[in-house]
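Reader: Could you show me how to read charge pairs and helix faces in a model? I am happy to go step by step.

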Amino acid sequence: MRKKRTLSIDIGGSGLKAAVLDERGRMLGEKVRVATPSPASPRRLLEALDGLVARLPAFDRVSVGFPGVIRNGRVLTAHNLGDHQWQGYRLAEVVARRWSRPVRTCNDADMQGLAVVRGKGLEVVVTLGTGFGSAMFEDGRLLPHLEFAHHRLTSKHTYEQFVGQAALERVGRKRWNRRVEKVIESLRALTHFDRLYVGGGNARLIRVKFARDVRVVSNKAGILGGIALWKGRGR
């Protein structure tokens with residue numbers, strides 16, 4: 001009997017990425033990517049995913065990492081896709097009907113974290129890309145999602161406004177790297193993490209020498225974490 005294959009999708013503000021994983025979480029071939037449509041209405045985004053999936057091997061189930069708060073397969077927020085179009089959208093239900101496969105969903109930073117955490121102590125994951133993602137784990141268990149991105153970091157900026165893509169373009173890489181350092185130290189004071197992981201598409205631009213309890217991880221983790229949603233590690 002063929003082992004189950006998982007289609008893992010990472011929805012980002014600028015790109016849609018997907019790959020099919022075997023039961024051990026290894027990619028069956030290379031991941032594929034297309035630009036996130038703009039505007040990113042649910043209809044246009046799902047049509048883009050149809051084209052992406054057509055380039056991949058057969059699959060039995062689906063994991064979706066979504067850039068916003070998503071609970072029980074239903075979208076609560078989607079700031080970088082256009083909130084008003086997505087609020088209340090039953091993403092898991094719609095995708096399951098569309099592809100006739102069971103679907104599980106979570107926040108995109110949560111999914112990245114599922115691929116990298118060690119499962120010991122309090123671990124925090126942040127993703128740097130179009131926006132700012134965050135996830136927290138205690139002894140390997142995914143905690144309820146906290147949306148740090150839109151919480152105030154300074155009197156003028158939220159976390160996302162401080163280190164998101166728009167800030168990077170505005171202040172340049174050198175100042176942006178100093179801002180990333182400030183964000184890490186803010187999260188250290190706020191959570192007293194045992195380990196923190198930095199991922200996302202802009203993590204490759206980091207030139208900071210972090211303390212030993214902070215590690216930069218591959219952006220592939222946003223895909224590889226999809227297998228954990230079917231192994232009892234997600235929600």
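Author: Let us begin with a pair: the side chains of Asp50 and Arg98 form a salt bridge, at 2.8 Å from N to O. A salt bridge here is a side-chain nitrogen of Lys or Arg within 4 Å of a carboxyl oxygen of Asp or Glu. Asp50 belongs to helix α1 (residues 42–53) and Arg98 to helix α3, so the pair ties together parts that are 48 residues apart in sequence. Helices are DSSP runs (H or I, at least four residues), numbered from the N terminus.

This is a predicted model, where local features need pLDDT of at least 70 and side-chain atom pairs pLDDT 80 or more, while totals for chains, interfaces and linings use all residues. Residues are numbered from 1 along each chain as its sequence is written, and side-chain values use heavy atoms, leaving out hydrogens and water.

Reader: Which residues of helix α3 are buried?

Author: In general, an α-helix has 3.6 residues a turn, so residues three or four places apart point the same way. In helix α3 (residues 91–99), the buried ones are Leu91, Ala92, Val94, Val95 and Trp99. They fall within an arc of 165° seen down the axis, so they line one face of α3. The arc is taken from the directions from the helix axis to the C-beta atoms. Buried means under 20% relative accessible area, exposed over 50%, and partly exposed in between (1.4 Å probe, protein chains only).

Reader: Which residue does Arg97 meet in a salt bridge?

Author: Side chains of opposite charge can pair when their charged atoms come close. Arg97 pairs with Glu93 at 3.1 Å, N to O. Arg97 is exposed at 57% relative accessibility.

Key:
Helices (H or I, at least four residues) and strands (E, at least two) are DSSP runs, numbered from the N terminus.
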